[in-house]
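Subject: Model handover and findings

Hello,

Here is the structure for your review. My notes follow directly below it.

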Amino acid sequence: MSFTAPGTFTTRPTLQGTFGMSASTHWLATAAAQSVLERGGNAFDAAAAAGFVLHVVEPHLNGPGGDLTGVFATAENPSEPVVLMGQGSAPAGATREHFVAEGLELVPGSGALAAAVPAAVDAWLLLLRDHGTWELADVLAYAAGYARDGHTVLAQVGRTIGQVARLFQDHWPTSAELWMPEGRPPAEGELVTNPAYAAVLQRLAGAGDSGGTREERIDAARREWSTGFVAQAAAEFAAKPHRHSSGTDHAGVITASDFAASEAGYEPALTFEFRGYTIAKTGPWGQGPALLQTLAILDGFADEYLDPSTELGIHTILEAQKLAIADREAYYGDGHVPLDYLLSEEYAASRREQITPLASLEFRPGQVPGHTAFQPPLRTGYVPPALAHDAAAGGDGTGEPTVSPTGETRGDTCHVDVVDRWGNMVSVTPSGGWLQSSPTIPELGFCLGTRLQMTWLEDGAPSTLQPGKRPRTTLTPTLVLKDGQPVAALGSPGGDQQDQWQLLYLLRTIVGGYTPQQAIDAPAFHTTSLPGSFWPRTWTPGGAVVEDRLGTEVIEALADRGHVITRAGDWALGRLSAVVRDPQTGVLMAAANPRGAQGYAAGR
């Protein structure tokens, strides 16, 4: 190894034990997961319990109307990582022709017209049915209790509501009623409740009261979600015109039939071998393969080029990421994608040769035989005509994080990792259905998501909006295997930055020998030299956002290479968590992100 963790200080220890470990973006979700493990549940029971808690305690970051992706391995079949597919598809009425006829150039960032079919809840129920051991009512009890009896609200929840308060008051009265019951955003530490969602959870848990096996009872809850009261209420509410981030009013196109036709599922994980480790990701309907492409490019460099704390390492990593993400935009989507070629040694070598000592300011997808690279519109700034004079009238249309020059992150996602004493390991990234996504459905206590903003309205893109197809999601958890055994599960919120921040963790732990907490605490950075996946889909040629802790000398040297630097502050980028298992000893570890004073790990 040619680089190691500088010093020994970390904000908290890497937890170690042999019983079970949980880590997530909110301490209450971590506590729920660990409670399940302590009461005899396995990693899948624990992850599901945490996932539903996240709906309640991080409503600005995810919701029941959203989506998720997961990747896991079971103790019975550890060498075959599996993807949990909880990304819903575009409704039957979501055609590009309809959106263009509505006067739209982009799929809006907020409003029900941008809703894919919600799949997060069905995915959690599917995982619990097939790999968990607990009854559904017991798993949901944690979230139902917080929704019914209350939990102390995060400061960021109130800040998010404050950003869209005018939108709620002027256009989304049902959202104002739920999130601003006293006419103001909740203050940090206030006890808040969501009785409507508590009732939804109770009805789902009671759907299987007629009997049958545990699996049949969970399937009854899945049917209640997709064909019962949830689908009916959501479809009826979304059909009413309401304000979107475009500054114009539209009705949603999602129907009860769309709910009934959609369900979560499993897929084999896509894998790549890097320095003796197997990295497992989603397919190209997610952005996961871009991380694998980046690793393929970097694998040809000596270790000194892979150190995320040096000028040389940061420059090399940023340039490799730009190339991989350009291919993501040019070729990825829910369909045939030439991954064998994109991940080949020959192709990686050709891309590696394009990295020079200076930062590229270009959008440079590679050339793939038999395929035409899609060229997305490269907007450096965009304001819809309807918002030219009053941008606030559309609300904050931003979905996952947009890092401002001050380092503030607006919008985001959640994450949870769990490993149990039997060797089951799971990593899940839930998102979408943010409270600011679209108006609250009053009978349900949540809103629909806006994942269709990942799609293009331009014809001919691999991710052009098309009914029945999944939008190319940014949700991208990671599972790491060594010699056919899962050894780490990790992930981070962050939209286009999720895999960029996870890459730093992988390089620091696999190549640099960092401990999990050292890797999470270490200074982070990412490129914004890419068309954003979220409305308004702008880009910054050569853009690089960095934490100041990298040091003035390194940051100035990067600027000298041509990187367009944005300083984000000392502790601003990344919300990683991770769990680790040593198959030889059975020792388990966990670590969580200190940024934002919200994520926690627990275990023994």
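**Helix H14 and its partners**

Helix H14 (residues 311–331) packs with helix H17 (residues 498–511) at an angle of about 130 degrees, their axes being 12 Å apart. That angle makes H14 oblique to H17. The crossing of the two is right-handed. On the H14 side, the contact uses Ile 317, Gln 321 and Ile 325. On the H17 side, Gln 500, Leu 503, Leu 504 and Leu 507 take part. By class, that contact has five nonpolar residues, two polar and no charged.

A word on the basis. The model is predicted: local features need pLDDT of at least 70, side-chain atom pairs count only at pLDDT 80 or more, and totals for chains, interfaces and linings use all residues. Numbering starts from 1 along each chain as its sequence is written, and side-chain values use heavy atoms, with hydrogens and water left out.

The terms used above are these:

- Helices (H or I, at least four residues) and strands (E, at least two) are DSSP runs, numbered from the N terminus.
- Axes are lines fitted to C-alpha atoms, for helices over the stretch in contact; angles run from 0 to 180 degrees between N-to-C directions.
- Under 35 degrees is roughly parallel, over 145 roughly antiparallel, 65 to 115 roughly perpendicular, and the rest oblique.
- A crossing is right-handed if the near helix is turned clockwise from the far one by less than a right angle, and left-handed if anticlockwise.
- Contact means heavy atoms within 4.5 Å.
- Nonpolar covers Ala, Val, Leu, Ile, Met, Phe, Trp, Tyr, Cys and Pro; charged covers Asp, Glu, Lys and Arg; the others, Gly among them, are polar.

H14 also meets helix H19 (residues 552–560). Their axes come within 9 Å and cross at roughly 45 degrees. H14 and H19 are therefore oblique to each other, and their crossing is right-handed. Glu 311, Ile 314 and His 315 of H14 meet Val 554, Ala 557 and Leu 558 of H19. The residues of this contact divide into four nonpolar, one polar and one charged.

**Two helices and their buried residues**

Which residues of H19 are buried? They are Val 554, Ile 555, Ala 557 and Leu 558. Buried means under 20% relative accessible area, exposed over 50%, and partly exposed in between (1.4 Å probe, protein chains only). Down the axis of H19, the buried residues fall within an arc of 160 degrees, so they line one face of the helix. The arc is that of the directions from the helix axis to the C-beta atoms. The face turned away from the buried side carries the exposed residues Glu 553 and Asp 560. Cover for the buried residues of H19 includes H14, strand E19 (543–546) and strand E20 (564–567). After H19 comes Gly 562, with a positive phi near 105 degrees.

Helix H11 (residues 229–238) is mostly covered, with eight of its ten residues buried. Among them are Phe 229, Val 230, Phe 237 and Ala 238. What covers the buried residues of H11 includes helix H8 (173–179), helix H9 (195–206), helix H10 (214–227), strand E7 (242–243) and helix H12 (256–261).

**Backbone points to check**

Most residues other than glycine have a negative phi, and most peptide bonds are trans. These are the exceptions I noted:

- The peptide bond from Trp 535 to Pro 536 is cis, with omega near 5 degrees. Pro 536 lies in the loop between strand E18 (525–527) and E19.
- Arg 275 is not a glycine, yet has a positive phi of about 50 degrees. Arg 275 sits in the loop between strand E10 (270–274) and strand E11 (277–281). It is partly exposed, at 29% relative accessible area.
- Asp 483 has a positive phi near 55 degrees. Asp 483 is in the loop between strand E16 (478–482) and strand E17 (485–491). It is exposed, at 69% relative accessible area.

**Links across the sequence**

Gly 484 lies in the loop between E16 and E17. Gly 484 is partly exposed, at 28% relative accessible area. Not counting residues up to four places away in sequence, Gly 484 touches Pro 78 and Ser 79.

Ala 601 is in strand E23 (residues 600–603). Leaving aside neighbours within four places in sequence, Ala 601 contacts Leu 15, Ser 22, Ala 23, Thr 30, Ala 590, Ala 591 and Ala 592.

Best wishes
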